[in-house]
Amino acid sequence: MEGFSPSLRFFIELTDVKTAVWLQYVYIVILAAIVYKLGFAKKLPLLKNIVIYTCLLIGCFVMLIFSYALPIAEGLAGAAVLLIIYKIRLHQTKKHQAEAK
């Protein structure tokens with residue numbers, strides 16, 4: 001258990017190993033989608049969005065493999081928090097600039 005990442009250890013302690021791996025995958029997919037949406041997403045047609053999110057789902061399997069030993073989910077969570085703070089500050093700045101005009 002020492003070699004596993006903290007989030008995977010947490011899920012293993014809650015459930016059995018197989019369920020923990022699926023929970024870790026879902027956790028990584030959700031965080032990756034949040035990071036993509038907040039940091040990189042642009043307005044695209046529906047079919048292109050489907051292709052992008054399908055590639056994201058496939059790529060998350062690779063991140064799942066790395067997340068056994070590396071803190072991938074924790075890094076995604078940190079990135080998500082930073083992007084949320086950035087978006088809030090950006091919204092506040094735009095709001096204040098609009099009020100100043």
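Predicted model: local features only at pLDDT ≥ 70, side-chain atom pairs only at ≥ 80, totals over all residues.
Colleague: How far apart in space are Ile-52 and Tyr-36, C-alpha to C-alpha?
Modeller: Ile-52 is found in helix 3, helices being DSSP runs (H or I, at least four residues) numbered from the N terminus. In sequence, Ile-52 and Tyr-36 are 16 residues apart. In space, the C-alpha to C-alpha distance between them is 9.9 Å.

Colleague: Is Ile-52 buried, partly exposed or exposed?
Modeller: Buried means under 20% relative accessible area, exposed means over 50%, and partly exposed is in between (1.4 Å probe, protein chains only). Ile-52 has a relative accessible area of 28%, so it counts as partly exposed.

Colleague: Which helix do the buried residues of helix 3 pack against?
Modeller: In helix 3, Leu-56, Cys-60 and Leu-64 are buried. Seen down the helix axis, the buried residues fall within an arc of 80 degrees, so they line one face of helix 3; the arc is taken from the directions from the axis to the C-beta atoms. The face turned away from that buried side carries the exposed residues Leu-47, Cys-55, Ile-58 and Ile-65. As for the buried residues, they pack against helix 2.

Colleague: Where does Ser-67 lie, and is it buried or exposed?
Modeller: Ser-67 lies in the loop between helix 3 (46-66) and helix 4. Leaving aside neighbours within four places in sequence, Ser-67 is in contact with Ser-5, Leu-8, Gln-24, Ile-28 and Ile-72. With a relative accessible area of 0%, Ser-67 is buried.

Colleague: Which helix gives the most to the nonpolar patch?
Modeller: Val-26, Ile-30, Ile-34, Ile-84 and Ile-88 form that patch on the surface. The elements that give two or more residues to it are helix 2 (17-39) and helix 4 (72-100). Val-26 sits in helix 2 and is partly exposed, with a relative accessible area of 43%. With 3 residues, the one that gives the most is helix 2.

Note on methods: Residues numbered from 1 in each chain as written. Heavy atoms only, no water. Patch = residues over 30% accessible without salt bridge, like charges linked within 9 Å, V, L, I, M, F, W, Y side chains within 5 Å. Areas by Shrake-Rupley, 256 points an atom, 1.4 Å probe, with all protein chains shown as cover. Salt bridge = Lys/Arg side-chain N within 4 Å of Asp/Glu carboxyl O. Contact = heavy atoms within 4.5 Å.
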